[in-house]
Amino acid sequence: MKKNFPLPNIAVLLTVYNGMEWIESQIESILLQSEVNIDLYISVDLSTDGSYEWCKNLSKKKNNIKILPYGDKFGGAALNFFRLIRDVDFKNYDFVSLADHDDEWLPNKLTHAVKTIKSKNVCGLSSDVSAFFNHTPCATVKKSYPQKKFDYYFESAGPGCTYVIKTKSMLKFKKFMTSNYLEVNNITFHDWLIYAYFRENSMNWCIDNKSLIRYRNHEFNTIGANLGIKAYLKRYSMIKSGWYKEQVESIIALVCRDKLSCLKLNRLSLIKNFWHLRRRPRDAFLFMLMLVTFIY
């Protein structure tokens, strides 16, 4: 006789900024997730397109949709996600999942994540995504290259919209984040900091090769999918400007505070360890080139 186990309870943290063009399809895809119980917490950045009013009206019809107080200007997904993690009381859930307003989830996205986290005995999971622009066909953005010794200092575990994390582990990050909130708010990408914190604290992470998200690539993405020459030029300019180096240093300073075992950031040490700094082999060699030519 088949046993009926309780469905996992998941708090989905959703950020919205001027999202009326896409938010309806994204929220529908979240609410249609199979074999899970969901409460959706929404933080709307100060918008001009009626996003907040639309979300507020929807929450009056759906008792599992909660809207956080409105009026703050975050100016980016990271600060909005940090606000959600800080302010939402998710301790009674089994898992916490992050979501952006402009994507679309396949119906088994969360079920697969939960099963994978349990089977691999990890604390957090991210994945590859299927990126698309307007009506163009999807292209897989692969993030699931083997994890390296120091990759988490130099890149995230994939788009934050793929993150699903055990609540017990997320509560540890929440405590760390709130204790260092001023410094945390100087980090541009929440997904990078979360991954760095988990890896630095020996909390196992899985980067799954199964893509169950349609990742919308558009002109308003903070950085967007790493596809095509424009994406490479954008990332190159961010490195050349010094922004990337500053972020690496800030993340290491945060997650390695009072530790002596962290990677040394002098050029000789980075060149010596270049193979361990990025997951994708091509990225590791490109980073080595930047090191020896003093671009980084």
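Modeller: Buried means under 20% relative accessible area, exposed means over 50%, and partly exposed lies in between (1.4 Å probe, protein chains only). This is a predicted model: local features need pLDDT of at least 70, side-chain atom pairs count only at pLDDT 80 or more, and totals for chains, interfaces and linings use all residues. Residues are numbered from 1 along each chain as its sequence is written, and side-chain values use heavy atoms, with hydrogens and water left out.

Colleague: Is His190 buried or exposed?

Modeller: His190 sits in helix 7 (residues 190-200). Helices (H or I, at least four residues) and strands (E, at least two) are DSSP runs, numbered from the N terminus. The relative accessibility of His190 is 6%, so His190 counts as buried.

Colleague: Which residues does His190 touch, beyond four places in sequence?

Modeller: Contact means heavy atoms within 4.5 Å. Residues up to four places away in sequence are not counted. That leaves Ala77, Ala78, Phe81, Phe82, Leu98 and Gly160.

Colleague: What do the buried residues of helix 3 pack against?

Modeller: Helix 3 covers residues 77-87. Its buried residues are Ala78, Asn80, Phe81, Phe82, Arg83, Leu84 and Ile85. They pack against strand 1, strand 2, strand 4 (95-100), helix 5 (167-179), helix 6 (181-184) and helix 7.

Colleague: Why is Leu79 called partly exposed?

Modeller: Leu79 also lies in helix 3. Leaving aside neighbours within four places in sequence, Leu79 is in contact with Phe74 and Asn185. Leu79 is partly exposed because its relative accessible area is 24%.

Colleague: How many Å apart in space are Leu79 and Val129?

Modeller: In sequence, Leu79 and Val129 are 50 residues apart. In space, C-alpha to C-alpha, the distance is 23 Å.

Colleague: How many residues of strand 2 are buried?

Modeller: Strand 1 (residues 9-16) and strand 2 run parallel, joined by eight bridges. Thr15 stands opposite Ser43 in strand 2. Strand 2 (residues 37-44) is largely enclosed by the rest of the structure, because its buried residues number seven of the eight.

Colleague: Which strands are at the edges of the open sheet of four strands?

Modeller: The order in this sheet is 5-11-7-8, and the pairing is mixed. Two strands pair if DSSP finds at least two bridges between them. Each edge strand pairs on one side only, and these are strand 5 and strand 8 (139-141).

Colleague: In strand 11, what is the bridge partner of Glu104?

Modeller: Strand 5 (residues 104-105) and strand 11 (residues 213-216) run antiparallel, with two bridges. Glu104 has its bridge partner in strand 11, and that is Arg214.

Colleague: And which residue in strand 11 is the bridge partner of Phe132?

Modeller: Strand 7 (residues 129-132) pairs with strand 11 in the parallel sense, over three bridges. For Phe132, the bridge partner in strand 11 is Arg216.

Colleague: What is the volume of the largest cavity?

Modeller: On a 1 Å grid over the protein atoms alone, a cavity is a set of points where a 1.4 Å probe fits but cannot get out, and a pocket is an open set with protein on both sides within 12 Å along at least five of seven lines; lining residues have an atom within 4 Å of a point. Grid points are joined across faces, edges and corners, and a volume is the space filled by probe spheres set on the points. The structure holds one cavity of 30 Å³ or more. The volume of the largest cavity is about 70 Å³.

Colleague: Which element gives the largest share of the lining of the largest cavity?

Modeller: Lining residues include Lys109, His112, Leu125 and Ser127. Two elements give two or more residues each: strand 6 (124-127) and helix 4 (109-120). The largest share, three residues, comes from helix 4.

Colleague: How many charged residues line the second largest pocket?

Modeller: This pocket holds about 340 Å³ of space. Among its lining residues are Phe5, Glu35, Asp94 and Lys118. Helix 4 gives the most, with four residues. The lining has seven nonpolar residues, one polar, and charged residues numbering four.

Colleague: Where does pLDDT stay under 50?

Modeller: pLDDT is the predictor's confidence in each residue, from 0 to 100. The protein averages 90, and 90% of the residues score at least 70. Where pLDDT is low, the predicted coordinates should not be read in detail. Here the stretch under 50 is residues 218-222.

Note on methods. Ala, Val, Leu, Ile, Met, Phe, Trp, Tyr, Cys and Pro count as nonpolar, Asp, Glu, Lys and Arg as charged, and the others, Gly among them, as polar.
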